[in-house]
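Please keep the model open beside this note. Each point below takes up one place in it.

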Amino acid sequence: MLAMQFANDSRPVMFDPDAEAMPAEQLPALQTRRLRALVDRLLAAGGVQAGRLAAAGVTGGADVSLDDLAELPTTDKGDLWDNYPFGLLAVPREQVVAVHGSSGTGGRPTLVSYTKGDLALWSRMCARALAAAGARPGTIVHNAYGYGLFTGGLGIHQGAIELGATVVPVSGGMTARQVKLIADLRPEILTCTPSYAIRLGEALTEAGLTLETGLSFTAGVFGAEPWTEEMRARIEDLLGLRALDIYGLSEVIGPGVASECIVAADGLHVNEDHFLVEVLDPSTGEPLPDGTPGELTFTTLTKEALPLLRYRTGDIAALRPGSCPCGRTLVKMSKVTGRKDDMLVIRGVNVYPSEIERVLLGEPAVAPDYALVIDARNGGRDLIAVCERITERAAGSPFAGRSASGAGGTAGSGVGVGAGVGVGGGVGVGGAARSDDELREVLEHRLREGLGLRVRVTIVPPGSVPRTEVGKAMRVHRWSAGDPPVPGLPA
Ligand SMILES: [Zn+2]
């Protein structure tokens, strides 16, 4: 039903058509010119990257080309940590007008600096993403990404203004206030993390907000955490919108490095006129062919304050060149399927949390808030999937079963969702037909058949799994001997 609605509106305005729909054969010349200028800037700035370029025999931009990109040195998060806070600057410190970053895992912060030019670039990238989602000047954008050091909130905020849209800077949390603003302002675009979209959708449903009574979203732009096609279907059912993915990280610029178009919604167009993308083998660092998942690696062709050559993100995805019905010629990347360092090794089997999510959320009775516990307390390495049942209010959403994308979009993922057991077979809305024991058995069977993994599934009451206030899901918990129990998770 929603697909029809969008079919009549198949060509949203492109923010920057000269770049986004550039004839594919013209792109390499532009990238080469910018890459050479970047190398010259890095060499002039001195520091770590200049030293590595010199060691690789590069004396100037003219020495490099796209064909020998793989010969150039890489950077990674360790370089940002080692040179914290301003050691990687390629401009005088006084030209930095803003910093963003992350508090970091293990208490090691990452700080990224921006010049005025960088902020302008970032705004344009986010404007591209919003326009690709169907936003136009005047479109009301409800921005529930957190504002602050985190790049989500201010990135989308500035992009909305750049586009001429009307941004509501509501930030994360305080869900009751968000529900009121959505009812009063009738925004068309929702921007937040996918897990917060679920939470907000449940609150809107509980407040009785439907398409008839004021729910007005056409699209959502969701990012800052990996999410699956199953999660996309859940969000679309709950909110009655087209759920689109946006990708970015503060080291590269923030959100807007890549984003999905509402026309195809089957992969994220990478803004490769500014961010040269490669996919590398996570172990060897060798380039991988198109279509093969590996580590996303970006060269910031035009960024000023903190330009990075071949920055290895740790995010796993695959590239897919080719034309798109939206008219964009930019290469597409798949959804991020996980982080290099998130890969779980369970009794010799390598598995990403997203693969487990596909199986869990393939079952309609399971709520999107789940947790994975790696239990190493007894010397072993057992995996426990802690699942909540979907609440009656979420199951009773006016949009349930009307997903725009459906849950069938996992073809080629290599993981057979529901292998051996029909997905949702014979289960009523909310899965009330199955007891907790039956649900547990079905999920354990599917995980064993689909992933070759023995996982203990535990069903807990709704609201048990720990959540963060800004909606960034902390899904993986590691237990070692002597660790105290985590509230909400089984001991
Ligand atoms: Zn497209």
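1. **A loop alanine.** A265 lies in the loop between β8 (254-260) and β9. Helices here are DSSP runs of H or I with at least four residues, strands are runs of E with at least two, and both are numbered from the N terminus. This is a predicted model, where local features need pLDDT of at least 70, side-chain atom pairs count only at pLDDT 80 or more, and totals for chains, interfaces and linings use all residues. Residues are numbered from 1 along each chain as its sequence is written, and side-chain values use heavy atoms, with hydrogens and water left out.

2. **The backbone at A265.** Phi of A265 is near 50°, a positive value in a residue other than glycine. Most residues other than glycine have a negative phi, and most peptide bonds are trans. A265 is buried, because its relative accessible area is 10%. Buried means under 20% relative accessible area, exposed means over 50%, and partly exposed is in between (1.4 Å probe, protein chains only).

3. **The zinc site.** Which residues coordinate the zinc ion? They are C261 (SG), H269 (NE2), C324 (SG) and C326 (SG), at 2.1 to 2.3 Å. Donors are N, O and S atoms within 2.8 Å of the metal (3.2 Å for Na, K and Ca); water is not among the atoms, so sites may look incomplete. Along the chain, the donors of the zinc ion follow the spacing C-x7-H-x54-C-x1-C.

4. H269 lies in strand β9 (residues 268-270), and C326 in the loop between β13 (319-320) and β14 (332-333), so the pair ties together parts that are 57 residues apart in sequence. H269 counts as buried because its relative accessibility is 2%. C326 counts as buried too, at 3% relative accessibility.

5. **Zinc geometry.** Why is the arrangement around the zinc ion tetrahedral? The 4 donor atoms subtend angles of 102 to 115°, and that makes it so. Four donors count as tetrahedral if all angles lie between 85 and 135 degrees. Ideal angles at a metal are 109.5 degrees for four tetrahedral donors.

6. R310 is not a glycine, yet its phi is positive, at about 50°. R310 sits in the loop between β11 (294-300) and β12 (311-317). R310 counts as buried because its relative accessibility is 2%.

7. **A partner of R310.** T75 is placed in the loop between α4 (47-55) and α5 (77-82). T75 counts as buried, at 3% relative accessibility. Not counting residues up to four places away in sequence, T75 touches Q49, R52, L308, L309, R310, Y311 and R312. Contact means heavy atoms within 4.5 Å.

8. **A cis bond.** Look at Y84 and P85: a cis peptide bond joins them, with omega about 0°. P85 lies in the loop between α5 and β1 (98-102).

9. **Two crossing helices.** The axes of helix α6 (residues 116-132) and helix α7 (residues 151-163) come within 7 Å and cross at roughly 75°. That makes α6 roughly perpendicular to α7. Axes are lines fitted to C-alpha atoms, for helices over the stretch in contact, and angles run from 0 to 180 degrees between N-to-C directions. Roughly perpendicular covers 65 to 115 degrees.

10. **Helix α11.** How many residues of helix α11 (residues 353-361) are buried? The count is 9 of the 9, so α11 is largely enclosed by the rest of the structure. Among these buried residues are E355, E357 and R358.

11. **Two buried residues.** V170 is found in the loop between β4 (166-168) and α8 (175-185). V170 is buried, with a relative accessible area of 4%. Its contacts include H142, N143 and L181. I346 lies in strand β16 (residues 344-346). I346 is buried, with a relative accessible area of 0%. The C-alpha atoms of I346 and I374 are separated by 8.4 Å, though the two are 28 residues apart along the chain.

12. **The whole chain.** The protein chain has 13 helices and 21 strands. Of its 491 residues, 54% count as buried. Take the contacts in the protein chain with a separation of 6 or more: residues 24 or more positions apart account for 67% of them.

Definitions and conventions:
Tetrahedral: all angles 85-135°; square planar, octahedral: opposite > 155°, others 65-115°. Parallel < 35°, antiparallel > 145°, perpendicular 65-115°, else oblique.
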